[in-house]
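Dear colleague,

I am passing on the structure we spoke about, and below it I have set out what I found. Please read the notes with the coordinates open beside them.

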Amino acid sequence: MLVLVFDTSEERDKFQLLYEKYRSLIFYILKSIVHDSWVAEDLTQDTFLKLSRHLNKIGKIEQPETRYYIVTIAKHLAFDYLRKEKNHPSYSIENENQDNIFTEENVMAFCIEMEEYDMLLALISKLKDIYKIPLQLKYINGLSTKEIAKVLDLSPDTVKKRITRAKSQLQQLLNERKVV
Amino acid sequence: MNATSSKTANFDDMLRRALIEDSKNYLSDLPTKEELENFHQFSPKFIQSMNQLFRTRQKHKRAIHSLVWAALFGIILCSFLLSQNETAKASLSAFIKEIFDIENTLIPTQEKEEPIPTLDSTHIPVPSFLPDGFKKTDEIFSESFVSFSYQNDTDDTIYMNYYPLSSQISVDNERFEWAATTINGHDAYFMTNEDGMEYMLMWRDSTRIYSLGYQGKSVLLDKDTFFQIAESIK
């Protein structure tokens, strides 16, 4: 139990390095989503608070995975803020049980002619954030369902459902392409 | 590996590559590091909050440090009072060793000292006037600034920040209305956000930059009183 509360000096140094290196990037991403400097500053602080609670999920400060992880957390907090404030369409949970997991209605139309990998990439670029973020944490950062649930403040069941749903739809669309 | 699991592994691998490339694409569209640095100057309030966060984490650490030593002392005391039972003694000593190992692992003996302020904090002038009910609640000494916070019973806050002359301070002008004024003969900017019950005054002399702020929770402070605080900083 003590270990959970404690900071080692290495952790503190790591946290300070993260702060120095990523605060401007985090702020920029948040501002570009919420369009308000003051809210973006508050969310920047929330992002660092969140990161401080999950420091063990972060490897080397400079490595790309760390950058992706931090950006993913920041975007999640921004979309979560918008969802609470304005019900942002990309992050709305109201429509979670509807069929479309993409930000556009007919995603097949623009990628049907592509090669398999390019099509997957195109589909991912159109994936709603509530699906994309858990996938990123799982496949880029190697987090387990439970870990993702903790980081995103969701239940493990919800995380599992979103990952499974996104994967199965992506796979289904790739298969449809093969049939065509 | 059968055909189904091989297919799944292939898809997972392709999915991983695509997710990484999608993230790379997103980041490649962002401004350069230099542009990001210049995109926004964080507000004094933000810097203050972040410094408090660092301090809070250190405080937690110190508190737990004391707790561990208190627990250790208690256990040693118990061991003297306990019976002669050898098994109990053995498990107690193992537990003491475990606690001691945690302590040594998590609390390095050569802990970093607080950063040395670049401002001469011993000669920083503090307000000699404060409205009734305000008491100092916090002080922060960091490499880039020194800050004092004062609060009253209703959590209205006055904060006084000091920065080296080389600092670049910016204020969100979408939120504040501002006007030029003087404080103790020095050019100053007075910023107000009456909806948010905020005031800010910034000025500089030959030694440092000053930023006096007020953040009301219950009432907006009288403007003359706010200026009186600023004028009392000599």
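Accessible areas here come from the Shrake-Rupley method with a 1.4 Å probe, and for residues only the protein chains shown count as cover. On that basis chain B exposes about 13800 Å², of which carbon and sulfur atoms supply 53%.

Two remarks on conventions come before the rest. This is a predicted model, in which local features need pLDDT of at least 70 and side-chain atom pairs count only at pLDDT 80 or more, whereas totals for chains, interfaces and linings use all residues. Residues are numbered from 1 along each chain as its sequence is written, chains are lettered from A and ligands numbered from 1 in the order in which they are written, and side-chain values use heavy atoms, with hydrogens and water left out.

On confidence, the predictor gives the complex an ipTM of 0.84 and a pTM of 0.57. Chain B averages a pLDDT (the predictor's confidence in each residue, from 0 to 100) of 74, and 61% of its residues score at least 70. Taking helices (H or I, at least four residues) and strands (E, at least two) as DSSP runs numbered from the N terminus, the lowest mean pLDDT among the elements of chain B, 53, belongs to helix α4 (residues 86–106) of chain B, and the highest, 93, to helix α5 (residues 223–231) of chain B. Over residues 99–117 of chain B the pLDDT is below 50, although this stretch has 31 contacts in the model beyond near neighbours in sequence, a contact meaning heavy atoms within 4.5 Å.

The secondary structure of chain B comes to five helices and seven strands, which follow one another along the sequence as α-α-α-α-β-β-β-β-β-β-β-α. Of the 234 residues in chain B, 39% are buried, where buried means under 20% relative accessible area, exposed over 50%, and partly exposed in between (1.4 Å probe, protein chains only).

Within the strands, I looked at strand β2 (residues 146–151) of chain B, five of whose six residues are buried. Two strands are taken to pair if DSSP finds at least two bridges between them; six bridges join β2(B) to strand β1 (residues 135–141) of chain B in an antiparallel arrangement, with B:F141 standing opposite B:V146. Another antiparallel pairing, also of six bridges, joins β2(B) to strand β3 (residues 157–163) of chain B, and here B:Q151 has B:T157 as its bridge partner. β2(B) and β3(B) form a hairpin with five residues between them, and B:D155 in the turn has a positive phi of about 65°. B:G133, in the loop between α4 and β1 of chain B, touches B:Q151, B:N152 and B:D153, not counting residues up to four places away in sequence. B:G133 is partly exposed, with a relative accessible area of 47%.

Turning to nonpolar cores (sets of buried Ala, Val, Leu, Ile, Met, Phe, Trp, Tyr and Cys residues joined through side-chain atoms within 4.5 Å), the largest has 69 residues, of which A:L120, A:L135, A:L170 and B:L15 touch the most other members. Helix α2 (residues 9–34) of chain A gives the most to this core, with 12 residues. Leaving aside neighbours within four places in sequence, the contacts of A:L170 include A:F102, A:L120 and A:L135 as well as B:F11 and B:L15. Helix α6 (residues 116–125) of chain A is mostly covered, with seven of its 10 residues buried, among them A:L120 and A:L123.

Finally, there are nine salt bridges over all chains, each a side-chain nitrogen of Lys or Arg within 4 Å of a carboxyl oxygen of Asp or Glu. A:K167 forms one with B:D12, the closest N and O atoms being 2.9 Å apart; because A:K167 lies in helix α9 (residues 156–179) of chain A and B:D12 in helix α1 (residues 3–28) of chain B, the pair joins two chains. A:K167 counts as buried at 16% relative accessibility, whereas B:D12 is partly exposed at 21%. A:E147 forms a salt bridge with A:K57, the closest N and O atoms being 3.8 Å apart, and A:D80, A:R83 and A:K84 are linked in a network of salt bridges.

With best wishes
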